Amino acid sequence: SSGINAEWPLRPGEQAAISATAGSLAPLEATTLQGYQTQLESATIEIKDLIEPLAESAKSHPERLGHNVVTMSLYFEPLSRATIGAASKLTDMTRQQDLFSQARTLMEAMSDLLKTSKDCGGNPNATTLHPRLEENVETVTEAIQDLRMTLEMAPESGLSTSLIESIHQSRGLLHEPVADTVNVSVMTQHEAILTNARAVARASQDMVGKASINPDCLSNLAQTISEQYGLLVENVRKCADSPGSEPLRDATNQLADPCSELVRTSAVVQSNPKDTISRRELSDHAKGVAQAVHHIVQSLQNSSQGTAACIEAVTVIHGITGDLDTMAMFARSGTLDNPGEPFSTHRENILGTAKKLVENTKQLVAGAASDQQQLKNAAIAAQGTIIGLAEAVKLGAGALTLDDVETQVMLLNACMDVAKALANLIDSTKDACGKTTDDPSMEQLKSSAKEMVQSVSSLLKTVKSAEDKASRGTRALEITVDAVSNDIKILDNATLSAAPATPETGSSDEEVELESSILANRAVASRAVANRADSQHSHCQDLIRAAKEITFATTKAVSAGNTAKQDDIAAAGNMGRKAINDMLATCKGAALNADNEALKIKVLQSGRSTSMAYRDMLEYMCEALSANNTDSNQLREHSKKIADCVTDLIECAKELKSGADWVNPDDPNVIAENELLNAAASIEAAAKKLSLLQPRKKKKVPTATLR
């Protein structure tokens with residue numbers, strides 16, 4: 001080993017370092033920066049692999065020592081050439097000097113390692129030299145790492161090697177199963193995939209635009225492409241079990257190559273922005289990325305056309321529900337247009353369209369277990385049927401006489417129930433599409449289908465008994481009971497999409513259920529409150545107003561129960577339905593504005609308890625009217641229970657008020673205070689203007705002395 005000297009390759013390196021210090025290091029044209037970087041990495045990897053065998057032979061295998069030294073020395077010259085070439089491609093003089101410094105450190109460390117190996121000579125008894133040998137090995141390893149890091153951190157390199165490696169590693173994970181994560185809907189995953197794909201396309205286009213204007217930012221854009229591709233792969237893996245995922249995986253796999261080429265070319269352009277050939281290649285690779293992203297978008301559209309149709313149908317149905325609610329408002333005021341046609345002319349159309357919805361329900365349930373195309377057809381068919389049903393019901397309600405106002409409202413309410421149930425069914429079908437039979441979403445689908453059939457049956461009964469004055473009151477109560485039960489289910493079913501909370505000791509099941517669903521209730525509240533602008537900013541005054549409406553509706557129901565008149569009972573049922581619906585929407589909105597979790601849960605629990613108490617009273621009235629035996633004492637007990645629940649609601653409103661800066665805008669003191677504040681603000685503004693005023697400059701008049 002005495003014939004091998006690790007310092008001799010540094011002689012041309014020292015000359016290049018001197019040229020770099022003087023700013024006269026000419027770029028070598030043998031290859032690109034990436035080519036020199038690859039040569040440097042190959043040499044350092046081989047040297048690193050030979051360090052341990054050299055150390056072992058120096059300790060106890062003298063017969064291998066000479067061979068290992070000679071083998072290692074073969075890489076000194078390529079390492080020196082790669083270092084000089086890479087430094088010549090760097091535009092920053094400081095980075096050139098850093099690179100030469102790291103190379104010099106590596107060579108000196110290698111020289112120390114060789115000298116120590118010579119001293120050891122393969123003698124296992126030279127144990128006093130072994131610690132120094134281990135230290136030399138560690139020093140060489142660190143020097144190799146520092147040299148590679150210095151080159152990779154150069155802006156011209158753009159970290160292209162590590163970024164390309166990251167892209168290929170992400171691609172290799174495409175077909176790997178993903179660990180169990182939080183259950184997220186397929187549509188949410190598709191939105192995330194679309195976001196990642198668009199981010200990749202946007203970064204590629206930015207590269208083309210900034211290659212000539214601001215090439216220094218290309219490395220950051222390359223980093224963005226690598227990161228977004230990794231996130232894209234992760235989201236695609238989460239959709240592995242959904243229908244149509246295979247074309248999506250293929251499109252994502254095809255995106256990796258143009259991304260890698262774009263990152264590699266961006267590093268070349270950054271090192272030499274005036275290279276027109278490299279800039280043209282950058283533009284071509286960016287077009288390749290755009291085409292690959294377009295294929296991903298097409299795959300998403302093909303794999304989610306049924307889901308998209310479901311979302312569109314639900315949106316349309318929400319609009320229909322709002323339209324029917326508006327028509328019910330006109331009906332309650334007695335201003336619903338009467339076309340002059342008898343109700344019988346519309347009855348058969350309503351019945352036929354409602355029965356057609358039952359067939360649509362079967363198609364939707366079957367669509368959950370089929371492909372996206374069948375799901376799309378089922379959603380479009382159901383959407384068309386509910387539009388026709390809503391129009392038929394509006395015409396039928398208008399055909400009833402003005403003496404049948406409550407029947408008009410009852411008919412419109414029954415149609416609203418069908419529309420809400422259909423929207424819920426389509427949502428459940430969308431979530432259950434592609435899932436296995438034991439998935440929880442399938443149970444939700446069955447429940448939604450059952451609710452849909454029940455709402456259609458209720459509508460059919462309402463239509464058939466619309467002109468039957470002897471049973472309209474009882475029918476109105478039955479519809480209201482079903483509507484209140486469904487509103488309570490909306491509150492309860494929200495727990496299916498929320499993470500279960502850890503129950504506290506001594507908490508009731510109802511409290512635990514509400515506590516675990518508080519986050520999901522926010523989404524439910526947003527949808528429920530969207531139809532009422534005044535409930536969007538619910539606070540204590542809204543809650544008190546809603547509580548008063550419940551009290552008034554309860555009084556009306558008790559009075560109707562005592563008189564047993566069908567018209568009074570129908571009016572009470574319709575009024576109670578609206579009061580409960582408004583109260584629950586207000587409770588959800590008020591819960592969003594609560595200051596703490598405990599108050600949120602209390603507000604929702606009070607609203608739920610009030611709804612259940614009111615439903616119990618209406619159920620008793622239905623049974624009593626059917627048996628023609630209404631007990632005023634029983635009604636009084638039910639009304640007392642409702643009054644207790646209303647008291648709890650008002651207490652919640654007071655807690656909401658105490659936790660915020662609420663004032664009564666009609667309070668004379670508040671009005672006077674606002675007037676004073678406005679006056680003070682006006683005075684302050686006037687004072688600021690006065691402070692800016694300056695005396696007008698006087699004109700100088702020449703005197704006799706010309707001064």
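A: This is a predicted model. Start with helix α14, residues 372-399, and helix α15, residues 405-432. How far apart are their axes, and at what angle do the two helices pack? The axes lie 10 Å apart, and the angle is about 175 degrees. Angles over 145 degrees count as roughly antiparallel, so α14 and α15 are roughly antiparallel to each other.

Now the residues that touch. From α14, the contact includes Leu375, Ala382, Ile386, Leu389, Ala390 and Val393. Lys394, Gly396, Ala397 and Gly398 of α14 also take part. On the α15 side are Gln408, Leu411, Leu412, Cys415, Val418, Ala419, Leu422 and Thr429. By class, this contact of α14 with α15 has 13 nonpolar, 4 polar and 1 charged residues. An α-helix has 3.6 residues a turn, so residues three or four places apart point the same way.

Next, another helix. Helix α5 covers residues 93-120, which is 28 residues. At 1.5 Å a residue it should span 40 Å. Its end C-alpha atoms are 41 Å apart, which agrees. Gly121 follows α5, and its phi is positive, near 65 degrees.

Last, the cysteines. A disulfide needs two cysteine sulfur atoms within 2.5 Å. By this rule the count is 0 disulfides. Take Cys652: its closest cysteine sulfur is in Cys587, 7.6 Å away, so the pair is too far apart for a bond. Buried means under 20% relative accessible area. Cys652, at 0% relative accessibility, therefore counts as buried. Cys645, at 10%, also counts as buried.

Terms used. Residues numbered from 1 in each chain as written. Predicted model: local features only at pLDDT ≥ 70, side-chain atom pairs only at ≥ 80, totals over all residues. Heavy atoms only, no water. Helix = DSSP H or I, 4+ residues; strand = E, 2+ residues; numbered from the N terminus. Expected span 1.5 Å × (residues − 1). Buried < 20%, exposed > 50% of the residue type's maximum accessible area, 1.4 Å probe, protein only. Axes fitted to C-alpha atoms, helices over the stretch in contact; angles between N-to-C directions. Parallel < 35°, antiparallel > 145°, perpendicular 65-115°, else oblique. Contact = heavy atoms within 4.5 Å. Nonpolar A, V, L, I, M, F, W, Y, C, P; charged D, E, K, R; others polar.
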